[in-house]
Amino acid sequence: MALRTIIDTTDETLFKKSRPVTDFNPRLHQLLDDMRETLAASGGLGLAAPQVGVLRRAVIVVNDDEEMVELVNPEIIETEGEEENYEGCLSVPGRFGLVTRPWYVKVKAQDRFGNWFEADGEDYTARCFCHELDHLEGHVFTELCDELISEEELIEIRRAEAEEDMED
Ligand code: NI
């Protein structure tokens, strides 16, 4: 396994549409292994192949049980509700924005051997599915929010929310 370089928005690859995976071969397995290692090292909650410069439809999402789920050729098949929350992206370091996403999402995808399966998630996991699948279309979350804030501002907002919760 090897760490791959995560590209940022100065690289136009991030804004291109990814192609379907057709060969479930050792090359794909190497890509997914490297993406796992890169995601673990970054501390993020999801990573899409285009973020490491590979325009193929493969993503990794950290699910509700904090396991890494590999999704090849993923498609959203069901959504429910709506939630607005802050999100960030490893390709947009240190910047966060408010984005409205479905509260619940179910996806179907293939595993690294080509077997179809379904996965679902609520709240932040649902957000992560949507965010990573957007990357496969060449879209970045910053297109969906009005303004970006810094990590310090996000920490301050979270602190204020926690204080409000304590008062309730
Ligand atoms: Ni991202």
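Val107 makes contacts with Leu71, Glu75, Ile76, Ile77, Phe117, Glu118, Ala119, Phe129 and Leu133, leaving aside its neighbours within four places in sequence. The model in which these contacts are found is a predicted one. Val107 is also a member of the largest nonpolar core, which has 15 residues. Within that core, Val59, Val61, Leu71, Val105, Val107 and Phe129 touch the most other members. At least two residues of this core come from each of β2, β3, β6 (104-110) and α2. The most is given by α2, with six residues. Apart from this core lies another, of 13 residues, including Leu28, Leu39, Ala49 and Val52.

The protein chain has three helices and eight strands. Read from the N terminus, the order is α-β-β-β-β-β-β-β-α-β-α. In overall dimensions, the C-alpha atoms fill a box of roughly 55 × 35 × 25 Å along the principal axes. For 168 residues, a compact globule would have a radius of gyration near 15 Å, and the 16 Å of the protein chain agrees with this. Of the 168 residues, 43% count as buried. Among contacts with a separation of 6 or more, 66% are between residues 24 or more positions apart.

The nickel ion has as its protein donors Cys89 (SG), His131 (NE2) and His135 (NE2), which lie 2.1 to 2.2 Å from it. Along the chain, the spacing of the donors is C-x41-H-x3-H. How far apart in helix α2 are His131 and His135? They are four residues apart, about one turn of the helix, which spans residues 123-136. Both His131 and His135 are buried.

Strand β4 belongs to an open sheet of three strands, in the order β4-β5-β8 and with antiparallel pairing. Between β4 and β5 (residues 92-101), the antiparallel pairing runs over six bridges. Asn85 stands opposite Val99 in β5. Helix α2 lies across β4 and β5, and runs at about 55 degrees to β4.

Another residue of α2 is Cys128. Is Cys128 buried or exposed? Cys128 is buried, because its relative accessible area is 6%, and residues under 20% count as buried. Not counting residues up to four places away in sequence, Cys128 touches Leu45, Gly46 and Val61. Val61 is also among the residues that touch the most other members of the largest nonpolar core. Cys128 and Arg101 are 27 residues apart in sequence, and their C-alpha atoms are 9.4 Å apart in space.

Two residues call for a look at the backbone. Most residues other than glycine have a negative phi. Glu66, which is not a glycine, has a positive phi of about 60 degrees. Asn73 also has a positive phi, near 50 degrees. Where are these residues found? Glu66 is in the loop between β2 (58-62) and β3 (68-80), whereas Asn73 is in strand β3. Their surroundings can be compared through accessibility. Glu66 is exposed, with a relative accessible area of 71%, while Asn73 is buried, at 10%.

The segment before α1 (26-42) holds Thr13. Thr13 counts as buried because its relative accessibility is 16%, which is under the 20% limit. Which residues does Thr13 touch, not counting those up to four places away in sequence? They are Ile7, Pro50, Gly53 and Leu55.

Key: Residues are numbered from 1 along each chain as its sequence is written. This is a predicted model: local features need pLDDT of at least 70, side-chain atom pairs count only at pLDDT 80 or more; totals for chains, interfaces and linings use all residues. Side-chain values use heavy atoms; hydrogens and water are left out. Donors are N, O and S atoms within 2.8 Å of the metal (3.2 Å for Na, K and Ca); water is not among the atoms, so sites may look incomplete. Buried means under 20% relative accessible area, exposed over 50%, partly exposed in between (1.4 Å probe, protein chains only). Two strands pair if DSSP finds at least two bridges between them. Contact means heavy atoms within 4.5 Å. Axes are lines fitted to C-alpha atoms, for helices over the stretch in contact, and angles run from 0 to 180 degrees between N-to-C directions. A nonpolar core is a set of buried Ala, Val, Leu, Ile, Met, Phe, Trp, Tyr and Cys residues joined through side-chain atoms within 4.5 Å. The radius of gyration is taken over C-alpha atoms; the globule rule is 2.2 Å times the number of residues to the power 0.38.
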